Structures are given as structure tokens and as C-alpha cells.
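Here's a quick tour of one model, taken ring by ring, then strand by strand, then pocket. Have a look at it first.

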Amino acid sequence: ELLPYAYLGCRDTFYTKISSSSEPMNLVLPDSLIGCASGLDLTAPGITRGSSPFLELEYFSDASASLLVPYPKQITQSGDYYIRGTNRSGCLQTKKIDVSILPPSLFGVSEPPVVAFPDGVNLTLLPDNRQLDYSYWANSDLTVPIPNPAFISQSGVYYIKGTDVSDCFSVQEVTVKVQPKFFVPTAFTPNRDGRNDRFLYQVQGGLKTIRYFKVFNRWGVEVFSSTRVGEGWDGTYNGKA
């Protein structure tokens, strides 16, 4: 019912119809959660398991549900958070959840020495915190495990993951340097018989890149040059044998 100021119009009445909804509205949350310093996913389906279906969920950092959490998939600060669920009929419910973020499971690694093939580096001896469970990986995404971390004979960057009893973890990068062993033949036979047709160095210990591989004749004239790993000289110069 609208009541105008004096002399500014007549009283008026508007009507609306309210109907009840049979759709359930039940938001289920645990009282508290424990996460790691790397971030807790507040949107994980398991957190609202048991709630009514088809709820639209929103995440807030205040009890009045006015401050949206900008990154609910990665909560890195301890505190009280609020989840609001709205069903398809527009009914809503807001509940609080206490989030505790544990400190990172820190550890250090000693710098591995430079070794020469056929020696290798034992990654399992490098971490200094023996209260953690370690795994060893060949890439930063931690998707390619190292088959034998106790013997690394290939130069490269490797990753050690340390996990504590709460499944929180941290990752340390390790650079391994293995000096390869080179062999250069004293002769070759470029007669196209399929045997020793190319003059090529051999490497034990692996080789990812080369700066250059050059061949000179006895007068110091460069007859071949390559920057590609595994490319040898076929015995020709300017197209002639």
C-alpha cells in the first residue's frame, strides 16, 4: 500500500501472489577444513556433499555475504569463509566454514656435484628434511616420474617433491650436470656401402645440444660444419668427394 505525501496523489494498493516451493533447500558443509599453503579448493564437490541438488554456489569472506572471494579455487589464507547456496526456486541458505591453512612443508637440497660419465648423481641424498616423503620428477608439472632417482646420468633440470603427513608438499628444483664422454674416430670410409660412411663423433652420457661440430682439412680449411646433434660429414666438399 502506497501512501503519498499530502496533496501529491491518491493512496494506491499493489498485489502480489506468493506460492510455496516444494524444491528442497539444504546446504551441507563441514564445520572446518584444513588446507595446504599451495591453496585449498573451496569449490571442490566433496565440500558440499549431501546438499540439495542443482544449487548455485557463491563464496564470500564476510557474514553478510557482500564480499565475494576472488579465487575460491585457491584459498591461501586461514579464516572464516561463507558459502551461499541458491536453488532453482530462488531459496537460499548461507553457512560458515572455518579454513585453516597449514605452513608449507619446507626442505632444502644440497647442490649436486658435477660428475663425468659413466658416474651419476643420486637425487635421494640431496633433501635435508628426513620427516618428509619424497618423490622425483623429470618435469615441473610433476607428471613424468624419474625411474631411478638414485642414479641420474643425464644432465638436466629435475624436481624433488617433499610431502608431509598432512599431504601438504613443496617442490625444489635441482640442476644435474653430467659431463659426457666423447669419442672421435680416426678414420671413416665414405664409399656408400652402408658402413662408416659418415665422420661423426660418438657421445656416452647423452647430449641435448651442441654449439658446433666442424671438420678441417690438413691446411686448416673448413670442409664441414653443423649445429645439429647427430649430423656427421659425408666426405664431400662443395658437392665433390
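Let's start with Phe199, which counts as buried because its relative accessibility is 15% (buried means under 20% relative accessible area, exposed over 50%, partly exposed in between, with a 1.4 Å probe and protein chains only). Before going on, a word on the ground rules: this is a predicted model, so local features need pLDDT of at least 70 and side-chain atom pairs count only at pLDDT 80 or more, while totals for chains, interfaces and linings use all residues. Residues are numbered from 1 along each chain as its sequence is written, and side-chain values use heavy atoms, with hydrogens and water left out.

**Rings**

The structure holds six aromatic pairs. Rings of Phe, Tyr and Trp (its six-membered ring) pair if their centres lie within 6.5 Å; planes under 30 degrees apart count as stacked, over 60 as edge-to-face and the rest as tilted. Two of the pairs involve Phe199:

| Pair | Centre distance | Plane angle | Type |
|---|---|---|---|
| Phe188 and Phe199 | 5.5 Å | 55° | tilted |
| Phe199 and Phe213 | 6.4 Å | 20° | stacked |

Phe188 and Phe199 both sit in the loop between strand E10 (181-183) and strand E11 (202-204), so their pair ties together parts 11 residues apart in sequence. Strands here (E, at least two residues) are DSSP runs, as are helices (H or I, at least four), numbered from the N terminus. Phe188 is partly exposed, at 21% relative accessibility, whereas Phe213 is buried, like Phe199. Phe213 belongs to strand E12 (residues 213-216), and its pair with Phe199 links parts of the chain 14 residues apart. Ring pairs also bring in other members, giving a cluster of Phe188, Phe199, Tyr201, Phe213, Phe224 and Trp233.

**Sheet**

Next, an open, antiparallel sheet of three strands, in the order E6-E7-E8. Two strands pair if DSSP finds at least two bridges between them. E6 (133-137) and E8 (169-176) are the edge strands with a single partner each, so one side of each has no neighbour in the sheet. E6 and E7 (residues 156-163) are joined by five bridges, and Trp137 stands opposite Tyr159 in E7.

**Pocket**

What lines the largest pocket? The residues are Pro190, Arg192, Asp197, Asp234, Gly235, Thr236, Lys240 and Ala241. On a 1 Å grid over the protein atoms alone, a pocket is an open set of points where a 1.4 Å probe fits, with protein on both sides within 12 Å along at least five of seven lines; lining residues have an atom within 4 Å of a point. The space inside is about 150 Å³.

Definitions and conventions
Points joined across faces, edges and corners; volume = space filled by probe spheres on them.
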